[in-house]
Amino acid sequence: MTAIEVDGLVKTFGSTRALDGLQLSVLPGEVHGFLGPNGAGKSTTLRVLLGLLRADAGRAQVLGLDPRHDSVALHRRLAYVPGDVNLWPNLSGGEVIDLLGRMRGRIDPRRRADLIDRFDLDPTKKGRSYSKGNRQKVALVAALAADVDLLLLDEPTSGLDPLMEGVFRTVISEERTRGRTVLLSSHILSEVEALCDRVSIVRAGRTVESGTLAELRHLTRTSVQAELSTPMTGLEGLPGVHDLVVDGPRVRCQVDTEQLDELLRVLGTAGIRSLVCAPPTLEQLFLRHYDTTAVGSR
Amino acid sequence: MTTLTGTRLLVRLTIRRDRVMLPLWIGALVATVAATVSAFADLYPDERSRNAFGASIAATAVFRAFYGPLLSTTSNGALTAWRMGVIGAVVLALMSTFLITRHTRREEETGRLELVGSAAIGRSAPLVAALIVAVVANVAAGLLCSVTLVVAGEDATGAIVFGLALAGGGAVFAGLAAVAAQLTETARAANGLTLGVLGAAFLVRAVGDGTAGLRRVRWLSPLGWVEEGRAFAGNRIGVIALLVAATAVSGAVAVYLNGRRDLGGSLLRTRPGPATASRSLAGPVALMWRRQRGAILGWAAAFIVLGAVFGALAGSIGSLIETSPQMAEILRAVGGPGVLVDGYFAGVLGVVALSAAGFGVSAMLRLRSDETALLVEPVLATQVSRLRLLAVQAVPVFAVPAVLVLLAGATAGMAANATLTDGVDHLGRLLAGAAVQLPAVWVVGGAAVLVFGVIPRWAALAWGVLALSALLTEVGPVLNLPQLVLDISPFTSVPRLISGAGVPVLPLVVLTAVAGAAAAAGAVAFRTRDIG
C-alpha cells in the first residue's frame, strides 16, 4: 500500500506539455523529495494530486483515494502548502491559520502556538502586510498544525531565511517521527538530501530518476578544484574520479562522494595551495546525466 | 523636476496596456451618441414635434431626474445633449475611475510599482502618467462625440461645448479617483470610494433636477456642471473652465498626498487583527461574509437611500399637475395622473433591478479574481468541495440582489405613501413590482455563474450580458429596435409594475427556470474544470 501512486500522468496546457508520462510512488511514513528545475511540472503534479487539475491521461491515487472523485474525503486527511502563497487581505495571519485548520478538520491549538513561536510569526498582521516569507510561514503553520496523515509541500522554503529553513528542517524531522507522510517539492538538492528518505527527480514532465539517496549516490558527486605546489600525474587511475582536467599545477575534477577522502589524500602528497570543494548544482546534474540540449535551452 | 522623471515612458506603458480597453469605452460612448442623434432626427424631424417631445419631458419627473431638464428644443443636438449629457459623463467617469485605480493603487498593491519605482523613475511619475492618459482619453472621447454631432449636421459650437463638458465630467472623476487611490490601501476600496462619490453626485443632481424649486442643488454636483455647460442652449464656456479647474485641483491634491506617503502606505490605515479567529470564522460561509460584508452592507444602504429619494420624488408629479391646468388636461387624455406615477415608478424599478444585477455579477467575478489570485486553491485543498464553495457564492450572486431590489421597493413605497395623497397603497404595489423584477435579475446572475464555470478566462463577459440588457431595456425603445431584439434582455419580459390585471406568471416562471438552468450548467462545468 503506497501513500501516493502516480502512473503515466499527462497534462497539457494548450501546446505546452506540462506533464509527460510522470511516475511517482511515495511510501507511507516517508519524507519523499520531489526534485526538479523550475518548470519541470512539480506544481502541476501536486495540483493533480489535489484534484484541482484534471490529468489528460494516466492514473493518480492518494491515500488509496481518487483525487477527482473523493476529493473531500481525501482533503480531510492532507494539508497543502502552495508554492505561491496568497492570503486574504482583510484577515489576520492568525485568522487564516484557524480558518484553514477548521476547513481541513481539526487544528491542534498547542501545536499551533508552538509553531507560531518557533517560526517567529506575528499572527496579528493583516494578509497584505506580510512579506513573501511570512505568508509562507502562515501557510506552513496552518498545514503543520493540522491533524492530517499527509503533507503536500510545494517549495515550502522558497521565501524563508536560512534560520527559518533550519526550523523547517527540524519540524519536518519531527513530522517523520510522528509517522506522517511528506511529499516535499524542491529545486534545491541540498535541502532534499538533508530531509528526504527517497527522491524522485523530474525534468520536463517526466520522472528521470527515483530511489533512495544511497541509490542516487552517483548523482551526488563533489566538484573539486585544487592548485598544487608541484604538478602531478596519475590521478586518472584513482577510483571514482571523473571529468579530470589537469592544467599544470591546477586540477579540476568530479569525484564520487565516498572517494573524496582518497582523492584529497593523494592531492595532499603534492602539497595543496588552494582547494575548493562544492556539491554539484542541480542544473549541472541535469546537464551531465540527462538530455543536455533540452535542459540547456531552458 | 526629478519627481516627474520617466513620466513620458510611463505614459507609453499605460497606453500600451490599455490599447484595447480605452478604445472600447470611447467607441461605445461615441456609437451611442451617434445612434441617439440619428434616432432623434428620425423621430423629431421638425421644431413642432420637438416641442411636443419637450413638453412631455418637462412633465415627467423621472426623465428630469435621470437626464436633467431639457434646456432647448431648437435642435436635435440639444435633444442629444440632454439625453447623453449626464449619462455620457457618468460613462467617462467610470472609465476614468477604473483607469486611474488600475494604474496606481492596483500597481502598488501587486508590487509592480515597487519594481517601477526602483528604476530611474520620479516619485510622482506613475500617478501623473495615469492622470495624463486619463485626461487625454476623456478629451479624445469628448471631441469624437463633438465630431459625431457636427457630421450629423448639428451646430459646431454646441457640439464642442457638449464634447468638452463630457470630457470635463470624466476628467474630474479621474482627479477624484487619484485622490482616493492615496487614501485607501487597496484598489477595490479606491474604486468603491470613487464610485460612492459618483453615485452621490448623480443622486444630488437627480434630486435637484427632479424636484421643483430645487434647481440650484445641481451646482453641488460635478455632473450638474456638465448640464450647466448648456450645450446647444446658450453654450456656457465658463462652466467648462470650472470642470478643468476642479480636475487640476483634485489632481494636484493627489500628487501632493502621493509625495507625502510611503510606497504601499495609505492615509486610511489598516489596524492589526486578532491573533486567533473568532469561533464563527470556521468555513466558506463565514469567509464569504468577511470578504463581502462591506460591499453587501454598503449596497444595502445605498439602495435604501435610492428607494427613499426616488419614492419621495414621486410627490413632485402630483404638484406639477396641480399647478398646471393644461397639463392636467393632457394627463386626463392619456389616462390620468396615475399613469404618469406608474411610468415613473416603472422606470425607477428598472434601474434598481439593473443595478442589483450588477452587484450579482461583481460578486460572481470576485470568486474568479480570487481564483486567479490563488485564494481559491487553498480552500479547495481542504474538505470544502467545489459545489459547496459555489453554493455559498449563490448568496451574494442571487439572494443579496433580491434583497436589494426589495429594500429599494419598500423604501420607495413608504416614501411615496408619505408624499402622494392619491389614496393608493404604493408600498404594496412597489413591493410587488420589485418582486417581479427578480427573475430577470437572476437570469443575469445565472449567466455570470455560467461563464464562470464554462469559460473562466472570459468571465468578464458577464458584464457584457448586463450591459447589453441595460442598453436594450433603457435605450432600445428610444432607438425603435424591433421587439425581437428587445426581448433578448430578460428585463423586457418582466412587467414593470403590477396593474390590476394580475401577474403574468409564465414569463416569470420561464425566466426563473432559465436562470436556474444557467447556474446549474455553470456549476456542473465548475465541478470538473481546472482550477487556476
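Is A:Ala204 buried or exposed? A:Ala204 is buried, because 21 other C-beta atoms lie within 10 Å. A residue counts as buried if 20 or more other C-beta atoms lie within 10 Å of its own, as exposed if 12 or fewer do, and as partly exposed in between; C-beta atoms are placed from the backbone.

The model is predicted: local features need pLDDT of at least 70, side-chain atom pairs count only at pLDDT 80 or more, and totals for chains, interfaces and linings use all residues. Residues are numbered from 1 along each chain as its sequence is written, while chains are lettered from A and ligands numbered from 1 in the order in which they are written.

Most residues other than glycine have a negative phi. A:Ala204 is not a glycine, yet its phi is positive, at about 50°. A:Ala204 sits in the loop between strand E8 (198–203) and strand E9 (206–212) of chain A. Helices (H or I, at least four residues) and strands (E, at least two) are DSSP runs, numbered from the N terminus. B:Arg230 also has a positive phi, near 50°. This arginine lies in the loop between helix H11 (222–228) and helix H12 (237–260) of chain B. B:Arg230 is partly exposed, with 19 other C-beta atoms within 10 Å.

Chain A holds an open sheet of six strands. The order is E5-E6-E7-E3-E8-E9, and the pairing is mixed. Two strands pair if DSSP finds at least two bridges between them. Strand E5 (78–81) and E9 of chain A stand at the edges. Each has a single partner strand, so one side of each is left without a neighbour in the sheet. Within the sheet, strand E3 (residues 31–35) and strand E7 (residues 181–186) of chain A pair in the parallel sense over five bridges. A:His32 has A:Leu183 in E7(A) as its bridge partner.

Chain B has 23 helices and zero strands. Its C-alpha trace spans about 70 × 55 × 40 Å along the principal axes. For 532 residues, a compact globule would have a radius of gyration near 24 Å, and chain B agrees, with 24 Å. This radius is taken over C-alpha atoms, and the globule rule is 2.2 Å times the number of residues to the power 0.38. Of the 532 residues of chain B, 48% count as buried.

The largest nonpolar core has 146 residues. Such a core is a set of buried Ala, Val, Leu, Ile, Met, Phe, Trp, Tyr and Cys residues joined through C-beta atoms within 7 Å. B:Ala134, B:Phe162, B:Ala353, B:Val405 and B:Ala448 touch the most other members. Helix H9 (residues 156–183) of chain B gives the largest share of this core, 18 residues. Apart from this core lies another, of 79 residues, among them A:Ala60, A:Val199, A:Ile201 and A:Leu216.

The two chains also meet. Two residues are in contact if their C-beta atoms, placed from the backbone, lie within 7 Å. The contact takes 30 residues from chain A and 29 residues from chain B. On the side of chain A that touches chain B, helix H2 (71–75) and helix H3 (93–104) of chain A each supply at least two residues. H3(A) provides the largest share of that side, eight residues.
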